[in-house]
Amino acid sequence: MEPPPQRRFAADGPAVHIFDFTILHCFIFFLLLIAKKMNPLVPKMLSGDRTALARLITHIESRAPETPEILASISKHLGRAQIVGITGPPGAGKSTLVDQLIVYYRKQNKKVGVVAVDPTSPFTGGALLGDRIRMMNHAEDENGFIRSLGSRGAHGGLSRATRDVVRLFDAFGMDVVVLETVGVGQTEMDVLEVSHSTVVVLTPESGDTIQTLKAGLLEAADVFAVNKSDREGALKIQHELMSMIEMGYSSHPGDEDWEIPVLSIQANKGVGIQELAETLAQHYKFVTHNKAHQAKQEKVRSEELLEILEEILAHSLREAFSKNASLNKILEEVKKGKRSAYDAALELKSKMSFKI
Ligand SMILES: Nc1nc2c(ncn2[C@@H]2O[C@H](COP(=O)(O)OP(=O)(O)O)[C@@H](O)[C@H]2O)c(=O)[nH]1
Ligand SMILES: [Mg+2]
């Protein structure tokens, strides 16, 4: 019988053999693992299926129990997108600006995902409708995707849901993800933690109120965009912001090397958009090499691990209560006011065998 053909690197023969063997087994193991764990929508989404993407967003927005599995299975596909947060008072022109950014990035042949967080929309319907009408300009575009998230249905987890939708967009292959959020409350500001850069949009009308604007809003800015620069007072607010920055009011600790730019924009005419996008590209480069930003991300990630565990445990507990008669009995006693929730919780805690 003929001897088997020699390997190209004969001297490394056995090592090559072991290597092949290990890779093959890892691959099979990985396949088994994902076959067991992976939601079938995930591989579809990863291969570019927009319907699968939309359905996964819905799961995540409603914090379906399989959310952690979905997010775990896309973790290898993350970290490629540039994430831009746009915030500011209602009516400042954020959505108009986001629209223009989409047009700009699409002309550059970049894939863009937009997450609009507007807690006012589920109540009035108005803001959402306005956004939807604008979105239709991009609806036919295969490489743009816009989604509005309301605060309802997210079980207080709006910032978690938003962060996770941004991740889905990243895994889907978006080059840029734009996050629009109204800068009114802490929850709305928290969602910005996920972005590389935050643009705070103000208008000449903000000039009179700049002293009264939430400090958190001004401090969030990596870039200021003074929109509606066609209106009177635009220069005045620009100067006010500049002198505020000079006095060090709005610099981030550790980010002193980044001088916060104040740009003049007219979003409804597309004026200043290119400059904004270029500034954002510079800031993206800056943060990816910046120690203060990395330290902030480390803190965000460790907080997140605890939040995820809390969410998983809460799901398991709810499930246990719905299935277990003795737990249900205790729940009923608490419901009827026969015993306090604290008393019941301490008894249940003492019965839990919980080890890590
Ligand atoms: N005059 C003027 N109006 C603008 C400009 N940009 C946006 N607007 C208008 O401002 C209003 C609010 O815009 P919108 O994008 O919905 O604001 P948002 O609430 O911050 O998202 C809309 O009527 C826009 O047409 C601008 O540069 N100049
Ligand atoms: Mg808006």
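I began with burial: a residue counts as buried if 20 or more other C-beta atoms lie within 10 Å of its own. The model I worked on is predicted.

**Entry 1: strand β1**

I applied the cut-off to strand β1, residues 82-88. I found 7 of its 7 residues buried, so the strand is largely enclosed by the rest of the structure. I then sorted the residues by the way they point. Gln 82, Val 84, Ile 86 and Gly 88 point one way from β1, while Ile 83, Gly 85 and Thr 87 point the other way. Residues of both sets are buried.

Next I looked up the pairing of β1. With strand β4 (residues 176-182) I noted a parallel pairing over 7 bridges. In that strand, Val 182 stands opposite Gly 88. With strand β5 (residues 197-202), β1 also pairs in the parallel sense, here over 4 bridges. Thr 198 of β5 is the bridge partner of Gly 85.

**Entry 2: helices α14 and α15**

I describe two packed helices by the angle between their axes and the distance between the axes. For α14 (residues 325-335) and α15 (residues 341-351), I read that the axes come within 9 Å and cross at roughly 160 degrees. Angles over 145 degrees count as roughly antiparallel, and α14 and α15 are therefore roughly antiparallel to each other. I recorded the crossing of α14 past α15 as right-handed.

Which residues make the contact? From α14 I listed Ile 330, Glu 333 and Val 334, and from α15 Ala 341, Ala 344 and Leu 348. I divided the contact residues of α14 with α15 into 5 nonpolar, no polar and 1 charged.

**Entry 3: positive phi**

I looked here at backbone angles, since most residues other than glycine have a negative phi.

Arg 63 has a positive phi, near 50 degrees, and is not a glycine. I placed Arg 63 in the loop between α3 (50-61) and α4 (67-73). Is Arg 63 buried or partly exposed? I counted 19 C-beta neighbours inside 10 Å, so Arg 63 is partly exposed.

Lys 228, also not a glycine, has a positive phi of about 60 degrees. I found Lys 228 in the loop between β6 (223-226) and α11 (234-246).

How values were computed:
Residues numbered from 1 in each chain as written. Chains lettered and ligands numbered in written order. Predicted model: local features only at pLDDT ≥ 70, side-chain atom pairs only at ≥ 80, totals over all residues. Axes fitted to C-alpha atoms, helices over the stretch in contact; angles between N-to-C directions. Helix = DSSP H or I, 4+ residues; strand = E, 2+ residues; numbered from the N terminus. Parallel < 35°, antiparallel > 145°, perpendicular 65-115°, else oblique. Left-handed = near helix turned anticlockwise from the far one by under 90°. Contact = placed C-beta atoms within 7 Å. Nonpolar A, V, L, I, M, F, W, Y, C, P; charged D, E, K, R; others polar. Buried ≥ 20, exposed ≤ 12 C-beta atoms within 10 Å, placed from the backbone. Pairing = 2+ DSSP bridges.
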